[in-house]
Amino acid sequence: MTLSPQDAAKKAAAEAACKHVRDGTIVGLGTGSTADFAVRHLGERVKEGLRIRGVPTSLKTERLAREVGIPLVDLNEVEAIDVTIDGADEVDPKLDLIKGLGGALLREKIVASLTARQVIVVDPSKIVPKLGTRSPLPVEVLPFGWAVVERRLRKEGHHPTLRQKEGKPVLTDNGNLVLDVRFPEGIADAARLERDLNNVPGVVENGLFLGMTWRVVVGEADGRVREIVRG
Ligand code: 5RP
């Protein structure tokens, strides 16, 4: 199968990141088209004898992991996760992230919070000088009173839009809704925004992943990769 240049870059990043996965470890399995390449590659390594147990970050990733033969473990049964390989929608110079365009931000953030080494895999389009410049910030909200949250965010000067597909609200794996919040000028103070958003009753979690990244693997269409390590 011929891959598009962007998919070739994603695959290169994902497969290179798998070298950080050691035998006998617990591995967080991210969500999205880039993370899928890593899950497939880990499936091949499991067939060759790698012993890992995976913690999927979404129902879709769980299905894929089962399909490619990665043994899974319930998050409730693990104290810590050794390494997680996940994608991102934006990566800034501090390796802070926006995640959640794929709708899995809540489970991804719970898994990231337990992870010793969070490896982010991206193609070069995800690298931004400032968070919010390329992608909206996904905010997961309870269906109960979601419009109250939307109105409150608008009053606070934000620009939220309910995520919909084919005219219907998109539900996350947790049965919640997503407000995609645009920042036309980029996000000025991500730490403050994260705190403020999570203080709004009805907000379950937001897609800012601050200070959680161990390293970012950026793939190129020609198969080259570079790693950016948090300074
Ligand atoms: C899902 C995510 C994804 O990791 C993010 O959207 C990147 O996806 P892709 O690799 O398909 O561009 O955060 O919630």
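At what angle do the axes of helix 1 and helix 2 cross? In this predicted model, local features require pLDDT of at least 70 and side-chain atom pairs count only at pLDDT 80 or more, whereas totals for chains, interfaces and linings use all residues. Residues are numbered from 1 along each chain as its sequence is written, and side-chain values use heavy atoms, with hydrogens and water left out.

The axes of helix 1 (residues 5–17) and helix 2 (residues 33–47) cross at roughly 50° and come within 8 Å. Axes are lines fitted to C-alpha atoms, for helices over the stretch in contact, and angles run from 0 to 180 degrees between N-to-C directions; helices (H or I, at least four residues) and strands (E, at least two) are DSSP runs, numbered from the N terminus. Contact (heavy atoms within 4.5 Å) is made by Asp7, Lys10, Lys11, Ala14 and Glu15 of helix 1 and by Ser33, Thr34, Phe37, Ala38 and His41 of helix 2.

An open sheet of six strands shows mixed pairing in the order 2-1-3-6-14-15, where pairing requires at least two DSSP bridges between two strands. Strand 2 (52–56) and strand 15 (225–229) each have a single partner strand, so one side of each lacks a neighbour in the sheet. Within the sheet, strand 6 (residues 115–122) runs parallel to strand 14 (residues 215–219), joined by four bridges, and Val122 stands opposite Val218 in strand 14. Helix 1 packs on the sheet, touching strand 3 (81–86), strand 6, strand 14 and strand 15.
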